[in-house]
Amino acid sequence: MNATLESSPAVLVHPNLPAETAASMSALLARLATLTRAAGRGDLVTRLSHTESRLADPRTRVVVLGLTDKGVSSVTGALVDADVSAPANSRHEPVVVEYGPAASDTDSTVTFPHPLLAEGLVLVDAPGFSGHAPARAADTLALVPTADAVLFVSDASQEYTEPEIALLTQVQKLCPVVICVVNKIDFYPRWADIQKANRTHLQNADLPLPLLPVSALMHQDARDAGDNELDVESGIPQLVDYLRGQVIAKADVVLRNSVIADVRTVTDHLSLSLSAELDALRDPQRGAALLAQMTQARTAADQLRQRSANWQHTLADGAIELMTDIEHDLRHRLRTVMRAAEQDIGTSDPAPRWEEFGSWLDGEIATCVRENFVMAHTRSLDLARSVAHRFAEDGKVPVPALHIDNVDHVLEPVNTLESLESSQGFTQRVLSSMRGSYGGVLMVGLVTSLAGLALVNPFSIGAGVLLGANTYREDRKARTARRQAEAKVAVSRLMDDVIFQVGKESKQRLREVQRVLRDHFTDLANEMLRSVDDSLRAAADASKMHDDYRATRSAQIRTELDTLRQIRLQAAGFAGQVTA
C-alpha cells in the first residue's frame, strides 16, 4: 500500500475504552513483560510489545468508496465537518483523514481536531471510479482488506445497478462490516423509492447490509444555519451514531479480546515451566516420570517446528494448490472475456467502434482482476484457518491478519489495446468503385464494338456499374476481414500481457501469504518448544536440588504462579468476565 496510508498515530481517547482502562491494560502488559523478561523469554517479550503497540493505536479504519459523482468525498467531509476533497489532478490517490491537534493537509493525508476522529476513527476517502477508468476499481478494492468497515456511497438518482451489486458482493467478502449510504436525498424527491428498490436488490443478492439515507449538502446547510432539525433530516448524525455504536464499539471489543488472548498465551507459557518445577520439588520420587512426560512433550513440540509436521505439509500443499487455482481462475475468466470479444469483433467492422470496444474490454478485464483478487484473499483466509486447525487440533491458535500487498495499480504496466487501421474513406471507396467500373466498361465495350456499337454504350455502362458495385463489396469485405483479424490479434496480445503482469503480481502476493503463515506458525511452534525446554530443564534442576532449598524455591514458585494467575484474572476482567 502507499506509504501515505501508514501515518503515525496521534494521541487518541477511545470512547469505549476509557483512559483508566487503557492505562490499566498498559500497566498490566508492562508488569507481565517484566516477569517475562526475567524468565529469559525474549520471544514472548516481542509478542507483548506487539500487543502494546495495538493498544497504543486503537484506531478504527473506515474506507469510503463508490462510483464517481455519487458524493463520496462529500459524505466523508460531512462526517468530520470539513472539506476533504483532493485536487482534481490527484484524485487517483486515496485521502486519509485522521485526528490531529490542528488542521493540516500533507501527502494525501489530512488531519482535523474533530471529536469523531479523536475517538479513534480514520476515514480513507477512496477515489471514485467508473466504466471510463475501470482499473481504478481494482486499486480501490485493494484498500478494503485493511479496513475495519466500509461505507459504500451511492445516490438517490437511480437504484443499484448490476455492477454496483457485484462490487458490493466483492467488498462484503473482503470486509464483513459494510454500510450502504444513499446520498443526495435532498436532490431527488423519490429517494425513499430508490432506497426501497436498493434494499430489494440487496436482499436478492443475499447481502443483509444496513442502508442509510443521507444528504451531505443538507448537513452543511444545517451546520451553517445552526438548524438541528434540518441536521437530523440530513441523516448524517444518524450515520455518525451508527459508526460509533456498530463500528468503533465493536473494534474496541476486538482490541480487548486481543489483549486478553495474548495475556493468556504468555501466562500459559510462563506457568508451564514453573508448574513442572513445582511438581518436581513437591514429589522428588516422581522426578523420573515427570522428566519422561516432559521429554515426550518436547518431542511433540519439536515435531510442530520441523518441516515434516502436518501443518507444514498442509501449508506447502495448500499454497501450491492456491497458486494453481488462482492462476487457473484468472486465465478462465480472461479466456471467457476473450471469446466474447472475438464474437463481438466478428459481427461487424471493428474499426469505427474500436475506442468504445476498448473501453468495454478494459472494464471486463478490470472486473476479472477484481474477482480474482477477491478469490485470492478469501482462499488465503481459508488456508490460514486450515493450517491453524492442523497446528492445533482444537484450532485455538491465533491466525495472522493477511493483507495482500502490492495490488495498487496492478493493471498499469499492461500495454494499451493496439490501434487499428481506420475504416475506408469516401475517396478510397470512390476510387475502388471506379477501378471496377472501368474494367467492366472496357471489357464489355470491346466485345460490343465487334457488333458495331460504340465503346461506351448502355451494355458497357451497365456492366461497369455491376462490376464497380461488386468490386466495392469485395474490397469492403476484404478490408473488414483484415481488420477483424488484426483486432483479434490485438486482443490476444493484450490478454497475454494481462496474464503475464497480473499473474506475476498474483504469485508474488500469494508467496508473501505463504511466508507470513509459515513464519507465524513457526514462531508459535518455537514458543511452544521453548516453553517445554524450560519446563524440562526446570524439572531436572528441581530433582537435583538440595532439601534445604526446596521449601524456599517452592514458596517462590507459588508466589510467581499466583502473580501470573492474578494477571490473568485482571486481564479477563477487562472483558467484563472473570475466567481463571
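This is a predicted model: local features need pLDDT of at least 70, side-chain atom pairs count only at pLDDT 80 or more; totals for chains, interfaces and linings use all residues.
Q: Which residues touch the most other members in the largest nonpolar core?

A: A nonpolar core is a set of buried nonpolar residues joined through side-chain atoms. Here the largest one has 29 residues, and Leu79, Val97, Leu123, Leu151 and Leu239 touch the most other members. Helix α10, residues 236-282, gives the most to this core, with 6 residues. A second, separate core has 28 residues, among them Ala126, Leu174, Val178 and Leu202.

Q: What is leucine 79 in contact with, leaving aside its neighbours within four places in sequence?

A: With those neighbours set aside, the contacts of leucine 79 are His114, Leu116, Leu123, Leu151, Leu239, Val240 and Leu243. Of these, Leu123, Leu151 and Leu239 were also named above for touching the most other core members.

Q: How many salt bridges does the structure hold?

A: A salt bridge is assigned when a side-chain nitrogen of Lys or Arg is within 4 Å of a carboxyl oxygen of Asp or Glu. The structure holds 20 of them. In one, between arginine 41 and aspartate 43, the closest N and O atoms are 2.9 Å apart. Arginine 41 is buried at 2% relative accessibility, whereas aspartate 43 is partly exposed at 24%.

Q: Which parts does the pair of aspartate 155 and lysine 184 tie together?

A: Their side chains meet in a salt bridge, at 3.8 Å from N to O. Aspartate 155 lies in strand β6 (residues 149-155) and lysine 184 in the loop between β7 and α7, so the pair ties together parts 29 residues apart in sequence. Aspartate 155 is buried, with a relative accessible area of 4%.

Q: Is arginine 190 buried or exposed?

A: Arginine 190 has a relative accessible area of 55%, so the residue counts as exposed. Its side chain meets that of aspartate 193 in a salt bridge, at 3.4 Å from N to O. Aspartate 193 is partly exposed, at 40% relative accessibility. As for shared partners, salt bridges join Lys70, Asp155 and Lys184 into one network.

Q: How many disulfides does the structure hold?

A: The count is 0. Cysteine 175 is buried, with a relative accessible area of 1%, and cysteine 368 is buried at 5%.

Q: Which residues form a nonpolar patch on the surface?

A: Phe187, Tyr188 and Leu217 form one, with about 280 Å² of accessible area together. Tyrosine 188 lies in the loop between β7 (178-183) and α7 (191-204). At 31% relative accessibility, tyrosine 188 counts as partly exposed.

Key:
Residues are numbered from 1 along each chain as its sequence is written. Side-chain values use heavy atoms; hydrogens and water are left out. Patches are made of residues with over 30% relative accessible area and no salt bridge: like charges are joined within 9 Å, nonpolar side chains (Val, Leu, Ile, Met, Phe, Trp, Tyr) within 5 Å. Accessible areas come from the Shrake-Rupley method with a 1.4 Å probe; for residues, only the protein chains shown count as cover. Helices (H or I, at least four residues) and strands (E, at least two) are DSSP runs, numbered from the N terminus. Buried means under 20% relative accessible area, exposed over 50%, partly exposed in between (1.4 Å probe, protein chains only). A nonpolar core is a set of buried Ala, Val, Leu, Ile, Met, Phe, Trp, Tyr and Cys residues joined through side-chain atoms within 4.5 Å. Contact means heavy atoms within 4.5 Å. A disulfide is a pair of cysteine sulfur atoms within 2.5 Å.
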